[in-house]
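Here are my comments on the model you sent.

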Amino acid sequence: MTSTVADIGLIGLAVMGQNLALNIADHGYTIAVFNRNPDRMRQFIAHCAQHEPSSERVIGFESLADFVKAIKRPRKIVLLVKAGEATDATIDALLPYLERGDIIIDGGNALWTDTIRREKRLSELGFAFIGSGVSGGETGARFGPSLMPSGTLEAWKQLEPIWRDIACKVDPVTGKPIEGAVPGKPVQGGVPCTAYIGTNGAGHYVKMVHNGIEYIDMQLICEAYWLMKNLLGMNAEEMGDVFALWNEAELSSFLIEITADILRQKDPETGAPIVDSILDTAGQKGTGQWTAANALALGIPANAIAEAVFARSLSALKEERVAASQVLQGPPIRLESDRAKWIQAIRDALYCSKICAYAQGFQLMAEAQKEYDWTLDFGSIAQIWRGGCIIRARFLQKITDAYARDPGLKNLMLDDYFRDALHKGQQNWREVVALAARNGIPVPAFGSALAYFDGYRSARLPANLLQAQRDYFGAHTYERVDRPRGQFFHLDWSGDRRQSMT
Ligand code: NBP
């Protein structure tokens, strides 16, 4: 007979599951683990026995029935399987063994609508379901991820102590992640990067937007790099130094920091900068694409985020681009000699574009909460992204401060701090976008962020003409500037050219 010893269970022992299981064990919890293919579980347990200080708290099971029985009630079972059908298959396999009140926690990158569906189904069966975004990749899972859980408050209360223990911790004063965790010795103290996000799919939605922001953050850095390389003629090491310097101030972030490291890294085969040996094509799938698609569905102009997804799609057309480069011509590139001036300008373009990108992500979440009846705490969301995750940055504290000043803030750009930063940087930002256009260097994210800024701050846009066109060819009607909103008119464009109210 299996004894009930485990504080929690985990299914799915690929990269994320193994690392999260070890993180949980390092915090003193006994964890039962299971994997569809038992070989993977056996290998993991063998690895733990040899290399992991917390190995006695990780117990592997080959039978799902024994695995479930070993977990204390109400059971908490974390799924870290491939998102999609595998999650449903795992839930279906688990159901016969569960008892009322047991809690399934999906830590995969699930589509939030799937989480809503699963939560509803399981709650009707008497079980709880928490969808928890887990960010930070392999290292985050091992030593402290950013965790974005949602479900019922009762279920969250059960999970909260473990989730707070294993989450990344940030210094309460500096807001910086506390480093130094090693196997068996996790970080003590600090503010955990997790908080209750809301009901049903809210956690996975917020994780999705996080990933959308990650796409644009990375694309903006790539554009800054590309401009320095092509317009200023800088080599990888010099650019690495610039990113390292930027990492000392407002732009300080994990992505800027690793970019400095990447640019200084040599190719072990050739001795040249490794970045020059890497093929310039990137894939896009899952969460970045979902963020852009949902922005379209909700009618929120997250154009810079979408642009970052499209930039990857364009990069993937490598063979076509190589062929087109022989056919389509642009202007010759003219190197700029005033490096210091343009490095500062590119920095400003990057910072201003980043503000717009985050403004878009937060506006998207604000719209989604209306759509799905969530109550999101945007200041708290920015806080839990300060550590553990890929977009961790000093900047996030500014977002928390902005929502503390005004919880009903309509758009981040309207906050005093961000407004001032945009005002201060915009001249340089414009010059960078113009210079890039003059030289035929693509900067889709810088450009679309600037268009967003200019569009959002425009009391009038040319959609009046657009409405006229729509009314002309399709009698779609228009509102008038001199009448109350909600009154619609149609002009008989081809007949007597009279206007009627509809
Ligand atoms: P994968 O996404 O590669 O999934 C592999 C795991 O899913 C294995 O344990 C595999 O079992 C299991 N699995 C599959 Br595939 N089909 C299954 C099925 N029908 N029934 C049961 N189990 C099934 O692993 P990962 O990269 O560790 O990611 C796990 C989750 O975490 C994913 O949802 C991912 O999107 C998310 N995530 C990943 C990262 C990251 O950096 N990798 C970061 C944040 C979130 P098997 O061994 O029997 O094939």
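1. Disulfides. The structure contains 0 disulfides. Bear in mind that this is a predicted model. A disulfide is a covalent bond between the sulfur atoms of two cysteines, and the cut-off applied here is a sulfur pair within 2.5 Å.

2. Cys352. Here the closest cysteine sulfur is that of Cys356, at 7.2 Å, and this distance is also too far for a bond. Is Cys352 buried or exposed? With a relative accessibility of 1%, Cys352 counts as buried.

3. Overall dimensions. The chain has 502 residues and a radius of gyration of 26 Å; a compact globule of that length would have one near 23 Å, so the two agree. Along the principal axes, the C-alpha atoms fill a box of roughly 85 × 65 × 50 Å.

4. Burial and surface. Of the 502 residues, 50% count as buried. The chain exposes about 23600 Å², and 54% of this area comes from carbon and sulfur atoms.

5. Contacts. Among the contacts in the chain with a separation of 6 or more, 68% are between residues 24 or more positions apart.

6. Secondary structure and sheet. The chain has 19 helices and 11 strands. An open sheet is formed by 7 strands, in the order S3-S2-S1-S4-S5-S6-S7, with mixed pairing. Its edge strands are S3 (58-61) and S7 (146-150), each of which pairs on one side only. On average, neighbouring strands of this sheet are turned by 25 degrees against each other, direction ignored. Strands of a sheet pair through backbone hydrogen bonds, either parallel or antiparallel.

7. The S1-S2 pair. How do strand S1 and strand S2 run? Strand S1 (residues 8-11) and strand S2 (residues 31-34) run parallel and are joined by 4 bridges. Within this part of the sheet, Ile11 stands opposite Phe34 in S2.

8. Helix H8. Which strands does helix H8 lie across? Helix H8 (residues 202-231) lies across strand S5 (103-106), strand S6 (128-135) and S7, and runs at about 15 degrees to S6.

Terms used: Residues are numbered from 1 along each chain as its sequence is written. This is a predicted model: local features need pLDDT of at least 70, side-chain atom pairs count only at pLDDT 80 or more; totals for chains, interfaces and linings use all residues. Side-chain values use heavy atoms; hydrogens and water are left out. Two strands pair if DSSP finds at least two bridges between them. Helices (H or I, at least four residues) and strands (E, at least two) are DSSP runs, numbered from the N terminus. Axes are lines fitted to C-alpha atoms, for helices over the stretch in contact, and angles run from 0 to 180 degrees between N-to-C directions. Contact means heavy atoms within 4.5 Å. The radius of gyration is taken over C-alpha atoms; the globule rule is 2.2 Å times the number of residues to the power 0.38. Buried means under 20% relative accessible area, exposed over 50%, partly exposed in between (1.4 Å probe, protein chains only). Accessible areas come from the Shrake-Rupley method with a 1.4 Å probe; for residues, only the protein chains shown count as cover.
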